[in-house]
Amino acid sequence: MIGPILRLGQVSSTQDALRSLLERGEATGATEGTVIVAETQEAGRGRRGRRWRSPRGGLYVSILLHSDPLLSLMAGLAVARALRDEGIDARLKWPNDVLVGEKKIAGILVEAVRGWALVGIGVNVSEVPLPTATSAEAETGREVSLEVLLERILRHLGQARERVLPAYRELCSTIGRRVLVESGVGPTRRRLTGLARGVDPLGRLLVEAEEGLEAVAAGSCRHLPVDAEEGPRYRGGEGREDDGDR
Ligand code: BTN
């Protein structure tokens, strides 16, 4: 069940606000489904230590849920569906970047705390924070209500778990693309290039690489241009470490 919803003005990060609510314990009443939504974040976080620019006019939400291996895919799917309800052709880049074409419109950050999952969702609604990004209003050409968008996301997040994977695969634009996938950090860091063949029942990306078919459980994925060769352009890391591909 989703709710209660706590509405805040400016926070450092809704993830931090939810974490401190959780850490203050039972007295705060932080229960499964607790939602924090803020108008702006001073220190919004993205995946892999990146920054998430959070001007007013965007949607910044964190939700307290029980851990589930499919949660990050479920959250991405819920956001993509909510945006599609607004008439936007939103699709998913594995695992959970929400794109329109190749432009990012929303991102998901799942952090584990004491057996709980803090599911952070950021959606560009009225502002386009980077040239590589887009927003709900840029796509529709009309005003998009933060309130209605949040309500749609939460409703889709409550859908039956068994229906998630088929729906996810249908909206996943990574499947069938040549990809560069980075997983692990430090000494366990690994880069894999190949053709994305599908997403398995555990939510892992199946990549047909030179080494054979590999199942990647977590990491970041880049869609390679059609006919691209993996030249030096793809060897130098992610480029802008603060914002990534947003
Ligand atoms: C990504 O890198 O794509 C994930 C971005 C997640 C941003 C959201 S905004 C609400 C929540 N609070 C944060 O600090 N991050 C997440």
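Helices (H or I, at least four residues) and strands (E, at least two) are DSSP runs, numbered from the N terminus. With that in hand, hello everyone, and let's walk through this model together.

A word on where the values come from. This is a predicted model, in which local features need pLDDT of at least 70, side-chain atom pairs count only at pLDDT 80 or more, and totals for chains, interfaces and linings use all residues. Residues are numbered from 1 along each chain as its sequence is written, and side-chain values use heavy atoms, with hydrogens and water left out.

Let me start with two backbone details. Pro-95 lies in the loop between strand E4 (91-93) and strand E5 (97-100). The peptide bond that joins Trp-94 to Pro-95 is cis, with omega about 0°. Then there is Arg-48, in the loop between strand E2 (35-41) and E3. Its phi is near 50°, which is a positive value in a residue other than glycine.

The side chain of Ser-13 has an N or O atom 2.8 Å from an oxygen atom of the ligand. For Gln-41, a side-chain N or O atom is 2.9 Å from a nitrogen atom of the ligand. Arg-47 takes part through its backbone, where a polar atom is 2.7 Å from a ligand oxygen. Taken alone the ligand exposes 410 Å², and the protein buries 99% of that, by the Shrake-Rupley method with a 1.4 Å probe.

On a 1 Å grid over the protein atoms alone, a cavity is a set of points where a 1.4 Å probe fits but cannot get out, and a pocket is an open set with protein on both sides within 12 Å along at least five of seven lines; lining residues have an atom within 4 Å of a point.

The structure holds 2 cavities of 30 Å³ or more. About 220 Å³ of space lies in the largest cavity, and of the 24 residues that line it, the closest to its centre are Arg-45, Gly-46, Trp-52, Gly-107 and Leu-109. That lining divides into 6 nonpolar, 10 polar and 8 charged residues. The space taken by the ligand is this largest cavity.

Finally, the largest pocket has a volume of about 520 Å³. Ser-72, Asn-96, Val-110, Ala-217 and Ala-218 are the closest to its centre among 26 lining residues. Helix H2 (71-85), E6 and E7 each give two or more residues to the lining, and E6 gives the most, with 5. By class, the pocket lining has 14 nonpolar, 7 polar and 5 charged residues.

Conventions: A polar contact is a pair of N or O atoms within 3.5 Å; within protein, one must be able to donate a hydrogen and the other to accept it, and residues adjacent in sequence count only if both atoms are side-chain atoms. A molecule sits in a cavity or pocket if more than half of its atoms lie within 2 Å of its grid points. Grid points are joined across faces, edges and corners, and a volume is the space filled by probe spheres set on the points. Ala, Val, Leu, Ile, Met, Phe, Trp, Tyr, Cys and Pro count as nonpolar, Asp, Glu, Lys and Arg as charged, and the others, Gly among them, as polar.
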